[in-house]
Amino acid sequence: MPERQRKVRADARRNYEKLVVAAESAFAEQGSEASLEGIAQRAGVSIGTLYAHFPHRRALLSAVLATRNQVLFDAADTLAKDPGAALVQWVHMVVDHVASYQGLATLVADGVDDAASELHTACLRMTEICERLVADATRSGRVRAGVTGADVFAMANAAAWSREHATRNQADRLLELMLAGIFGAPDQ
């Protein structure tokens, strides 16, 4: 009996991995609202198998993003030494990350305040990194007083959302205007 259980666990693990790979492709091609049934078909498993591993879309999306989230978090340790430059680098990295799948920005925005969301922990981690970088930039006099990490994370998420609804150039222009706002008005 134990040998049979190991085989089932190995099959379950393979199915899990096939679902994550299929979902990553589907989300990249079709956005975060890609058909879950289509993802199951792409992975060569039943929709029941998908739901056995992932009770809903956010759980699947969280599994797909796990590695990419960790890469993002690790990159926070390699940012520029200048606090202002580090904050700008981080914001651009978060925007690129959240804009990777159509519809992800909305799910991330919802996940920030939803402790039940599988995306909540990653959102908190991104916000914590924003808090640290904002604090460093504020202490160095680069960022205006009163700006919070939550403000910066919301701004980055809004910029990622704007990439879905405007041209890349317009979205990037809006991001630069938002960044200029947290760094204060230029000298007149």
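A residue counts as buried when its relative accessible area is under 20%, as exposed when over 50%, and as partly exposed in between, judged with a 1.4 Å probe and protein chains only. The model toured here is predicted, so local features need pLDDT of at least 70 and side-chain atom pairs count only at pLDDT 80 or more, whereas totals for chains, interfaces and linings use all residues. Residues are numbered from 1 along each chain as its sequence is written, and side-chain values use heavy atoms, with hydrogens and water left out.

**The whole chain**

Begin by displaying the entire protein chain as a cartoon. It contains nine helices and zero strands; here helices are DSSP runs of H or I of at least four residues, strands are runs of E of at least two, and both are numbered from the N terminus. The C-alpha atoms fill a box of roughly 75 × 35 × 25 Å, taken along the principal axes. Of the 188 residues of the chain, 41% count as buried.

Contact means heavy atoms within 4.5 Å. Among contacts between residues at least 6 apart in sequence, 65% join residues at least 24 apart.

**Helix α4**

Next, select residues 57-75, which form helix α4. This helix has 19 residues and reaches 27 Å from its first C-alpha to its last, close to the 27 Å expected at 1.5 Å a residue; the expected span is 1.5 Å times one less than the number of residues.

Centre the view on A66, where α4 bends by about 45°. The bend is the angle between axes fitted to the seven residues ending at a given residue and the seven starting there. Then show the side chains of the buried residues of α4, including R57, L60, L61, V64, L65, N69, L72 and F73.

**S117 in its loop**

Now select S117, located in the loop between α6 (104-113) and α7 (120-139). Is S117 buried or exposed? S117 counts as buried because its relative accessibility is 5%. Leaving aside residues up to four places away in sequence, S117 touches R58 and G111.

**A158 in helix α8**

Finally, move to residues 149-165, helix α8, and pick out A158. This residue has 35% relative accessibility and therefore counts as partly exposed. To end the tour, select H56 together with A158: the two are 102 residues apart in sequence, and their C-alpha atoms lie 24 Å apart in space.
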